[in-house]
Amino acid sequence: MLDIQLLRTDLAHVARRLAARGYAFSVTEFNALEAERKMLQTHTQDLQARRNAVSRQIGNAKSKGEDVDVILAEVANLGGELRQAEAQLAQTQTALQQMLLQIPNLPHSSVPEGNSETDNREVRRWGTPRSFNFTARDHVSIGESLGLLDFPTATKLSGSRFSFMTGGLARLHRALAQLMLDAHTREHGYTEAYVPYLVNAESLRGTGQLPKFKEDLFEIPRKKMTPTDVHSQNGTDQGALSTEGQYPLEDDNLYLIPTAEVPLTNIARDQIIALESLPVKLTAHTPCFRSEAGSYGRDTRGMIRQHQFDKVEVVQLAHPQQSYEALEELTGHAEKILQKLELPYRVMALCTADLGFSAAKTYDIEVWLPAQNAYREISSCSNCEAFQARRMQARFRNEKGKPELLHTLNGSGLAIGRTLVAILENFQNADGSVSIPKALQHYMDGLDRLTA
């Protein structure tokens, strides 16, 4: 979330930077809400001051033995008017808050300006794409020929955009997760975490998925339990009763996580972290669930764009003065995995129009896929600055001992399914087998290739 004080003091600058990323900010709507807030706040404060003054009059009149009925009537009238004004003020402040929740982050000054992904800027490349002396096949043909990748069964079980792997391919998928976690924890300084795969709406608001991107999530409706339901499940257990005799049972819906960024970053929600604890560096391997709303017709073949996929995520909670150094470091950690696997890739600095909602700056890492004769995204590494921290109230105690908003960073280190795709295509052989990168053979008990 943007700092509302920045909008109040430099609205023109905010509107320009948002326009650079293709977001049309309604200056008129904001000014109207802000003017209404100011008027209602002034009116409410005046009523509060008047009520306090009249209350003092009552005390003085009583001490003198004077009749206070008229003054009491005035206080009663003021009370009703004040409650109405406070309700109107709260309603306007809520409208402002909802407006802020819909506004994306401002791009950092170093982000190249552009109108689409074609304006993204290449930063560097690593590795040389392999030349084949046979026609390279895509990962679907390779996996199905090996008898290890079965999309018809996945479709029968769940529908389109799911995969079913068996044998050596399923094991290779698991080995990739182990390699990534080992590298990030042993070499890059991250602490491994196991996180919930279901999170509440507040967590998704904190990292920016809600309210704007609700259609991209898988929501899990939950029945609101009644006291009768509780007793039928717990027998005579009265532990669910609160002191007020109510049942404090959660009835808000939960959501399947779209990425481990959500639970990992939200550990700092409503927290103040000690300065000496920064940076906090966490990693987790989780499944990720995305509805892929609006992506119909894109990457329908294979494992590139799925409703369920696995990913190893890396997250840093950093000091604001060090967050851009942290972004370079975190991106390098994701690159290191591709280097270990000997997979050619390039790093792209996303332009203003291609930035994600919460990001101030993003590097995409794109791996080479021979069958597509193109580089495709395998990791996205972002600095969100204080945008998520402001939504979460995630803070640290700075050098002066005062609470200050953290900067949050996240990246894929890496998307496991897409890494598997890259291995199948880059390490395929003319006989239909697939060589296993040396870095993974240890995790495969020495197995050096997949065969039919």
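Modeller: Let's start with a term: a residue counts as buried under 20% relative accessible area, as exposed over 50%, and as partly exposed in between. Keep in mind that this is a predicted model. With 21% relative accessibility, Phe 132 therefore falls in the partly exposed class, and Phe 134, at 22%, is partly exposed too. Now for the rings themselves. A pair of aromatic rings is described by the distance of the centres and the angle of the planes. The structure has seven aromatic pairs. One of them joins Phe 132 and Phe 134 edge-to-face, with 5.3 Å from centre to centre and 75 degrees between the planes. Elsewhere, Phe 213, Phe 357 and Phe 387 make up one aromatic cluster.

On to a helix. After α7 comes Gly 189, with a positive phi near 85 degrees.

Last, the cysteines. Searching the whole structure turns up zero disulfides. Take Cys 288: the closest cysteine sulfur belongs to Cys 381 and is 14 Å away, so that is too far for a bond. Cys 351 is in no disulfide either, as the nearest cysteine sulfur, in Cys 384, is 17 Å away. Both residues are buried: Cys 288 has a relative accessible area of 1%, and Cys 351 has 0%.

Methods: Residues are numbered from 1 along each chain as its sequence is written. This is a predicted model: local features need pLDDT of at least 70, side-chain atom pairs count only at pLDDT 80 or more; totals for chains, interfaces and linings use all residues. Side-chain values use heavy atoms; hydrogens and water are left out. A disulfide is a pair of cysteine sulfur atoms within 2.5 Å. Buried means under 20% relative accessible area, exposed over 50%, partly exposed in between (1.4 Å probe, protein chains only). Helices (H or I, at least four residues) and strands (E, at least two) are DSSP runs, numbered from the N terminus. Rings of Phe, Tyr and Trp (its six-membered ring) pair if their centres lie within 6.5 Å; planes under 30 degrees apart count as stacked, over 60 as edge-to-face and the rest as tilted.
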